[in-house]
Amino acid sequence: DYVCIARNSEGSVQSRVATLSTAYLAKNFTQDLIGQTVLTGRKLTLTCTIGSLPAATINFVSNGNLINVITNNRYTQSSIGMGSQLTIDPVQFSDSGQYRCEASNSKLTGSPIIGALVSITVEGPPEFLSAPSSQTIPLGETLYMHCFVAASPAATVKWEDANSALLPSAASPRFSIASNNTLIVTNVQRSDAGVYTCSASNKFGTKTSQAKLTVADPLTAPVIQKAPRDQTVIAPSLVLLDCDVTGNPRPAITW
């Protein structure tokens, strides 16, 4: 501590006590991140503390990217003593990844102190990222019905037709399931019309979603059934020119 004292023949005066401190940043975190497994919908709290004067600026990094709490309203960061706390609420599957803390001191130069890299694993029941949607497909065309699922552990995805028969089957060679769980039906027939169900299951539960397939008339190119005919008229007079056209989808007629 330092005090300034001034004296003359008339007396003396003393300043307030000034404290001189040396800025420092510890080489290691006193409390570092610990790997965790958390369920979707729950709250996750991550804490890092480190000795520092003045207090260190602590950032949280996820999968190599600095976490920005301003752009994500599920994330909040607050100071606690000599450290910082990150809260994620509610947790989503997308929060899984590698996390670490980085600490720096505004009075010091040099690289920040890097904390341990830990894994945060998010588990939970299946969630539909893109559920099946009802579609109208022309006769003879191909159906692509999506069923994109997020789950941890990975979900088992199954498709069923309106009769609860699992797809594909030996009886339905035109049906197949893509690696991303999309139901594909080639050469769609009128008998394929109906409700289809996608179900996703893991140890936490099962989610189902349904969509309806409607089979429409086949696509056809425009055909002129009745063309305009030549006419000779006396001007001025009203003239009617016929142009009857068929096609699917319904053709737009211009003159």
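In this predicted model, glycine 97 has isoleucine 120 of strand E13 as its bridge partner. The contact belongs to the pairing of E11 with strand E13 (residues 118-130), an antiparallel arrangement with three bridges.

Strand E7 (residues 57-62) and strand E11 (residues 97-104) run antiparallel and are joined by six bridges. Within this pairing, isoleucine 58 has alanine 103 of E11 as its bridge partner. Alanine 103 also stands opposite isoleucine 113, a residue of E12. Strand E12 (residues 113-114) runs antiparallel to E11, and two bridges connect E12 with E11.

A separate topic is the open sheet built from three strands, whose order is E5-E10-E9 and whose pairing is antiparallel. Strand E5 (44-49) and strand E9 (75-80) are the edge strands, each pairing on one side only. From one strand to the next, the twist averages 20 degrees. In this sheet, strand E10 (residues 83-88) and E9 are paired in the antiparallel sense through six bridges. Here isoleucine 80 lies opposite glycine 83 of E10.

In general, the strands of a sheet pair through backbone hydrogen bonds, in either a parallel or an antiparallel manner.

The pairings described above are listed below.

| Strands | Sense | Bridges |
|---|---|---|
| E7 and E11 | antiparallel | six bridges |
| E9 and E10 | antiparallel | six bridges |
| E11 and E13 | antiparallel | three bridges |
| E11 and E12 | antiparallel | two bridges |

Note on methods
Residues are numbered from 1 along each chain as its sequence is written. This is a predicted model: local features need pLDDT of at least 70, side-chain atom pairs count only at pLDDT 80 or more; totals for chains, interfaces and linings use all residues. Side-chain values use heavy atoms; hydrogens and water are left out. Two strands pair if DSSP finds at least two bridges between them. Helices (H or I, at least four residues) and strands (E, at least two) are DSSP runs, numbered from the N terminus. Axes are lines fitted to C-alpha atoms, for helices over the stretch in contact, and angles run from 0 to 180 degrees between N-to-C directions.
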